[in-house]
Amino acid sequence: MSGETSDYETIAEELQSIVGALVRIMRSASPGRELSLSQVSVLKRLDREGPATVSDLARADKLRHQSVAATVAALVDRGLISRTVDSEDLRRKLLILTEDGRALLTERRLAGHEHLAEIIDDRLTAAERKRLAASLPLLRRLLD
């Protein structure tokens, strides 16, 4: 390639821009906007995967332990997660999503989904919605 951008690089750049904008739109419609992306990520991971340690979370997201520990401390202070002793290893502290944390995630999810669904309905034709739906498996494969 002699200084030209390849098709896949152009697609990647446009996709990154679009996904970022969609995330911002969904976040703006969601309650609890004062949460950082890293805080939301921790809440979502605990919701999906269950109790974990700070080290588990740091390893899963390839982040420094200290960064995750600060994020966790803020979530504990807000009552969105709690710490409990691991019954299998009494030296370990497990982080658990509280009912308030679960409720906040549910509210955010519903608000974001509803807002995005309205945008899809308002701005896309039936044929465009069908094309968008057909592209979802391709987007999901990018995550594998």
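Visitor: Before we start, what does exposed mean here?
Guide: Happy to set that out for this predicted model. A residue is called buried when its relative accessible area is under 20%. The word exposed is kept for values over 50%.

Visitor: What is the phi of K62?
Guide: Most residues other than glycine have a negative phi. K62 is not a glycine, yet its phi is positive, at about 55°.

Visitor: How far apart are the end C-alpha atoms of helix 2?
Guide: Helix 2 covers residues 37-49, which is 13 residues. At 1.5 Å a residue the helix should span 18 Å. The model agrees, because the end C-alpha atoms are 18 Å apart.

Visitor: Which elements do the buried residues of helix 2 pack against?
Guide: Start with the buried residues themselves: Q39, V40, V42, L43, R45 and L46. Their partners are helix 3 (54-61), helix 4 (65-77), strand 1 (81-86), strand 2 (89-97) and helix 5 (99-123).

Visitor: What radius of gyration does the chain have?
Guide: The chain holds six helices and two strands, and its C-alpha trace spans about 55 × 40 × 25 Å along the principal axes. For 144 residues, a compact globule would come near 15 Å, but the chain has 19 Å.

Notes. Residues numbered from 1 in each chain as written. Predicted model: local features only at pLDDT ≥ 70, side-chain atom pairs only at ≥ 80, totals over all residues. Heavy atoms only, no water. Helix = DSSP H or I, 4+ residues; strand = E, 2+ residues; numbered from the N terminus. Expected span 1.5 Å × (residues − 1). Buried < 20%, exposed > 50% of the residue type's maximum accessible area, 1.4 Å probe, protein only. Contact = heavy atoms within 4.5 Å. Rg over C-alpha atoms; globule rule 2.2 N^0.38 Å.
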